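Try each task on your own before you read its solution.

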Amino acid sequence: MHTQPAPVEGSDIQWVAEAARARDAVRSEIAKVIVGQREVVDLLLVSLFSQGHGLFIGVPGLAKTLLVHTLADTLALEFKRVQFTPDLMPSDITGTEVLEEDRSTGRREFRFLPGPVFTHILLADEINRASPKTQAALLQAMQEGKVTVAGQDHPLPRPFLVYATQNPVEQEGTYPLPEAQLDRFLFSIEVDYPDADEEVEVVRRTTAGPPEPVAKVLTPEQIARLQDLVPRIPVPDVTLAYAVRLVRATRPGPEAPRAVNEFVAWGAGPRAAQHLISGAKARAMLDGRFAAGPDDVTALVGPVLKHRIVTNFRAEAQGVGVTEILDEVVRFVPRA
């Protein structure tokens, strides 16, 4: 497989250094409000700059909304949150047209009222509570970067990113996203409970008055500039081939390890390798490096592949999880 050399602009090196400085500053500002969750913050930044949407995995009450809202504040981005419910209609997300009358002329005409999807960062809370029709409307906007109403296209602002949550506890009355729609998300981001010391700090901060205000680190224009830079981050052919081997090894067959052939029903599709590479480029840029390597790919195996693998009944019966299977995939696949 051959990789086309990416054109490098004269200021790209300086912007890579700016990205690393911005990442450290964002971490510092978010730490004023959020205790711990360093890895989650890093994944949010990788997804933002590689322009991939994220799916939160975690029980309620872990400050996911506060985390995303604080991230938007530090980046001077507009933030909106939508609580998905069974009666939520597609137009409640995308917007609708209303008939208005000009009192001076008596002329009537339709005017488009944008929905909450017209923002920089949208938190789709408990997306699995909405009907498949409403889920599809949001996922179409995520995929195409625009909303079409009455035959008229309305482009979404840039940057535009969706973070969605699914309630993993209550399954009654929910519509879990099918595998094809889960594949639209770049990352599944696991948010775990804080450790004991962190939980003490959470209680201390949340009972001592309003949180400390955060400073703006980047402007939307600077974020768009860095998003444009990510595709130009070079990736050696050997790293590209490594990402493809990892993805192919998740599919049952001769290229897969024992755990995959024994416990996996469906593996990841080609889009997973694309997301591994785009995420690796963004991770390298945020580290201040102008090239992505195998370590960047390996670090993103779990977030990129975990929600794309469907295990079989045997895995469920024996209590084998996707994380264990992916660990064996990483050990099995050679880097070169």
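**Exercise 1.** Find out how D287 and R289 pair up, and whether each is buried or exposed or in between.

*Solution.* Start with the definition: a salt bridge is a side-chain nitrogen of Lys or Arg within 4 Å of a carboxyl oxygen of Asp or Glu. D287 and R289 form such a bridge, with their closest N and O atoms 3.0 Å apart. Next, look at accessibility, where buried means under 20% relative accessible area, exposed over 50%, and partly exposed in between (1.4 Å probe, protein chains only). D287 has 32% relative accessibility and counts as partly exposed; R289, at 30%, is partly exposed as well. Finally, widen the view: a network of salt bridges links R23, D24, R27, D42, R283, D287, R289 and D296.

A word on the model: it is predicted, so local features need pLDDT of at least 70 and side-chain atom pairs count only at pLDDT 80 or more, while totals for chains, interfaces and linings use all residues. Residues are numbered from 1 along each chain as its sequence is written, and side-chain values use heavy atoms, leaving out hydrogens and water.

**Exercise 2.** Which parts of the chain does the pair R308 and D183 tie together?

*Solution.* First, check the pair: the side chains of R308 and D183 meet in a salt bridge, 2.5 Å from N to O. Then place both residues, using helices (H or I, at least four residues) and strands (E, at least two), which are DSSP runs numbered from the N terminus. R308 sits in the loop between α13 (301-305) and β11 (310-311), and D183 in the loop between α6 (179-182) and β9 (187-190), so the bridge joins parts that are 125 residues apart in sequence. Both R308 and D183 are buried.

**Exercise 3.** Describe the surroundings of T119.

*Solution.* Begin with the location: T119 belongs to the loop between β4 (108-114) and β5 (121-125). With 1% relative accessibility, T119 is buried. Its side chain reaches the backbone oxygen of E78 at 3.0 Å. Now list the contacts (heavy atoms within 4.5 Å). Leaving aside neighbours within four places in sequence, T119 is in contact with E78, F79, K80, P157, P159 and F160.

**Exercise 4.** Where is T70, and which residues does T70 touch?

*Solution.* T70 lies in helix α3 (residues 64-74). At 5% relative accessibility, T70 counts as buried. Not counting residues up to four places away in sequence, T70 touches I30, V33 and V214.

Technical notes
Polar contact = N/O pair within 3.5 Å; in protein donor to acceptor, adjacent residues only side chain to side chain.
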